[in-house]
Amino acid sequence: MTGHLVNSADSHVVEPLDLWVQRLPAQLKDRAPRIAEVDGEPRLLVEGMVPRRMGGGGSGETDQPERERAGDSHFRAGAWDPDQRIVDLDEDGVWGEVLYPTIALFGFMIPDPELRWASCRAYNDWLAETFAAQSQRFAGAAMVAVQEIEPAVAEIQRVAALGLRSIMLPMQAPDGRPYNSSEYDPVWAAAQAHGMPVSFHVGTGSNPVTERGLGGAVINYVEVGLGAQRTLGYLAASGVLERFPDLHVVMVECGAGWLAWLLERMDEAFEEHQQWVQPKLAEPPSFYVRRQGHVTFGNDAAGVINRGFTGIESLLWASDYPHPEGTWPHTQDTLERIFAGVPAPERERVTYSTTARLYGLQAPAA
Ligand code: MN
């Protein structure tokens, strides 16, 4: 590789189609998340969710395994093969990646705790064995459901021992327990104790398709991104970030331009409505976001322009490999374009060193 070191703070694996059928306990196998024919069409079947059509609509992610099975992949083999993935990263000038799932993004929706937790653990085991154990360049984000707190804390401890370096919680908090609830404190404490950033990936914990009428495709894309503003607002304003000062939280694949608006909006309420504000944080909410909050983005000009206001360490660049809308194999050209005119030390923090520090993605000295 040549030039600047680069890390991607949001990349994806694509799970084997039979991962859960293979790995779930015998009594759960027939309820495993899987791809199956429904009315003659392949659908993603996850218990508790409406079967998702394969191909078109939504994030466009869930059709990929079926295409791969049909020999018509527009995903690279690096989506499931760690050796091929390293070849692709080297070709694109990317050193390390934070890895998120594809099918498992929907696993938070499973209503039955036994099936949900078994599905989380099966994915985390596969991710650790297949990627985390193969190279220091892969920082796996473990799937940790939070409908129940005790098993969530146990799973954080378990995946830390497996070598996974982050935990992924659903962007949409479980019904009846928003992220300002102190019931989550053991989760924040466990993540902080293990030095694991807590990630919230766009589109998790809720059905991403809410509007089917005119404008639906664009409206749904906007709506799903708003979850990041809500979640980060809850964590900052409620004092979670103040009480857990070494906890880092990352809003994944929601862009970055909105962050400046959120900081101003929160601080305005904090100062102008102070007679109603609880808790009385020692600093305005924006202080804690600048210290502990991060957003990933791929090609977001407004986010880069706002960096002097939001703080440079809030911004984490991401390739979204291997998605077709991601930057592979043109990452270097994309970076030249979106960081044109940005001083090299600032670019280096957004595209490499902040992610390196948060996720242990430091390249060995040459
Ligand atoms: Mn992503």
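**Terms and values**

Me: Why is Thr355 called buried?
Reply: Thr355 has a relative accessible area of 0%. Buried means under 20%, exposed over 50% and partly exposed in between, with a 1.4 Å probe and protein chains only, so Thr355 counts as buried. This is a predicted model, in which local features need pLDDT of at least 70 and side-chain atom pairs pLDDT 80 or more, while totals for chains, interfaces and linings use all residues. Residues are numbered from 1 along each chain as its sequence is written, and side-chain values use heavy atoms, without hydrogens and water.

Me: Where is Thr355 found, and what is it in contact with?
Reply: Thr355 is in helix H14, residues 344-359. Helices (H or I, at least four residues) and strands (E, at least two) are DSSP runs, numbered from the N terminus. Contact means heavy atoms within 4.5 Å. Leaving aside neighbours within four places in sequence, Thr355 contacts Asn7, Ala9, Val98, Leu316, Gly360 and Leu361.

Me: What makes a set of residues a nonpolar core?
Reply: The members are buried Ala, Val, Leu, Ile, Met, Phe, Trp, Tyr and Cys residues, joined through side-chain atoms within 4.5 Å. The largest such core here has 107 residues, of which Leu169, Trp188, Phe200 and Met251 touch the most other members. Helix H4 (residues 113-132) gives the largest share of this core, 11 residues.

Me: Which residues does Trp188 touch?
Reply: Not counting residues up to four places away in sequence, Trp188 touches Leu169, Tyr179, Val198, Phe200, Leu235, Val240, Phe244 and Leu247. Trp188 is one of the buried residues of helix H6 (residues 185-193).
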